[in-house]
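Let's take a friendly walk through a protein model. Have a look at the fold below, and then we will go through it piece by piece.

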Amino acid sequence: MTGTSEKGKSFGVTPQSQDFNDWYNEVVVKADLADYSPVKGAMVVKPYGSALWERIVRWLDDRFKETGHESLLFPTLIPMNFIAKEADHVEGFAPELFTVTKVGTDVLDEPYVMRPTSETIIGHMWAGWLNSYRDLPFLHYQWGSVFRAELRTKLFLRTSEFYWHEGHTAHADETEARNEVMQMLSIYHEFCRDVLALPVLRGEKTASERFAGAVATYSIEGMMRDGKALQSGTSHYLGQNFSRAFNVKFQTRDQKEEFAHTTSWAISSRIIGALIMTHGDDKGLMMPPNIAPTQVVVIPVGRKDNFDQMVAEGEKLAAELRTAGIRVKVDKRDGVTNGFKYNDWELKGIPVRIELGPRDLEAGVVVVKNRAAEDKETLPRAEAVAGMAERLAGIQAFLLQRATDFMLENTVIADTYDEFKAAIEAGKWVRAFHSGDPESERQIKEETKATIRNEPLDGSEFFAEREDGVCFHTGKPSGYGKRVVFGRQY
């Protein structure tokens, strides 16, 4: 599919209840977040989508630096033999690798791969950098893109090239490394909850769902409005697997040699897909104010003979809002109906719309419309400006509560396989006891397309209660001491 034509672009999207997949695809393109690329499976992120990603990057980058991490950059190309050094890793990624075999017309003696992730090349460099306990912990991350050959692509959610950060740290002992893993999971949880208004389930992945080469993988899982789960971020304890493969040794305080304990962690641009599918409705996007590139749009309403004047007044109002710390845009488009503009900004999910016409100007009032509400309000101009920060905070809280309620209402308990299958087929998450048997997991996935999203962490605000029970599938005792959460996934 090639780039969309502006001339042929129509407004309105397929209702979620009619076809959630079509709704999503249309929203991404019509809201000007991204478009299809001539490169198969890749996407072009448009200015609105890029502005959103920039805000995501800025918040996370600041938090990483606050916790003592530094950024660096590694090359996109990785020698093929690096991938082969870590057997679990190559098994996990081999089907997805893009390879480079020629430079111009010259065939390379050894191919390169386009990085699917960077543990291998980082391990190689660490072997030369990390020699003593004084060099540890080594805390760093990079922003960039990675490449995985996806068979079924979907903008933001699953593309052949996507954008992310990848954190990589090395530590002197297991305890410190595991603490790092949990710290980063907590940062992801904070970001999703407080910035994106996304309630997410924190937990540990089962062995069959772990990152290739990891000792333990932890994830945050969000429920989309079609009931499917989206793995929204991961944090991995890699043990000494990669350090052994790449000979990352250091001298301890008592003059012994040890392999470093390593971690990796990431959130990718698929978090934008999570944002869309958690908050969007039949009108399009619904941006949480804390992440929205534009929090308020001012729409000057006027005739041909006074439109320029109303635009100037709109700019004055926008300046007042900017002074109050609000991200605001004035819609200056001429020759476009007001109704078109209203629909356009609702499709883009701008949290608040302000309409300003000649009569409003004379009366000293403005018309205010929340994206998350049906009705408009007419307010004194000064009151609308002074109360905007509180209004935006209310929208943020509303979206988080609405998404949380939806997740809780659509998560059910099942104690038999029949109950389980019925709930999964109805688009629910299911809390159930499971034995921990990988073969049982495989059979359940094959028969229902559902997987264990994770084992909720002790202390998590969702589904963390400890209790014993009998596996709904095998009849064996629970292997987790609590119910795990199953669901179909993106």
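## Before we start

Two strands count as paired if DSSP finds at least two bridges between them. Keep in mind that this is a predicted model.

## How confident is the prediction?

The average pLDDT of the chain is 94, and 96% of the residues score at least 70. Residues 1-9 are a stretch with pLDDT below 50, and beyond near neighbours in sequence this stretch has 12 contacts in the model. Where pLDDT is low, the predicted coordinates should not be read in detail.

## The sheet

An open sheet with mixed pairing is built from 11 strands, in the order E3-E7-E8-E14-E11-E10-E9-E22-E23-E21-E20. At its edges stand E3 (70-71) and E20 (411-413); each has a single partner strand, so one side of each lacks a neighbour in the sheet.

Now look at E8 (residues 161-171) and E14 (residues 261-268): they run antiparallel and are joined by eight bridges. Histidine 168, for example, has serine 264 in E14 as its bridge partner.

Helices pack on this sheet too. H5 (residues 119-129) touches E7, E8, E11 and E14, and its direction makes about 30° with that of E8. H6 (residues 174-194) touches strands including E9 and E10, and its direction makes about 10° with that of E14.

## Two crossing helices

How do H1 and H8 cross? The axes of H1 (residues 20-30) and H8 (residues 270-279) come within 11 Å and cross at roughly 120°, so the two helices are oblique to each other. Their crossing is right-handed.

Phe20, Trp23, Tyr24, Val27 and Val28 in H1 meet Gly273, Ile276 and Met277 in H8. By class, this contact has seven nonpolar residues, one polar and no charged ones.

Notes. Residues are numbered from 1 along each chain as its sequence is written. This is a predicted model: local features need pLDDT of at least 70, side-chain atom pairs count only at pLDDT 80 or more; totals for chains, interfaces and linings use all residues. Side-chain values use heavy atoms; hydrogens and water are left out. Axes are lines fitted to C-alpha atoms, for helices over the stretch in contact, and angles run from 0 to 180 degrees between N-to-C directions. Helices (H or I, at least four residues) and strands (E, at least two) are DSSP runs, numbered from the N terminus. Angles under 35 degrees count as roughly parallel, over 145 as roughly antiparallel, 65 to 115 as roughly perpendicular and the rest as oblique. A crossing is left-handed if the near helix is turned anticlockwise from the far one by less than a right angle, and right-handed if clockwise. Contact means heavy atoms within 4.5 Å. Ala, Val, Leu, Ile, Met, Phe, Trp, Tyr, Cys and Pro count as nonpolar, Asp, Glu, Lys and Arg as charged, and the others, Gly among them, as polar. pLDDT is the predictor's confidence in each residue, from 0 to 100.
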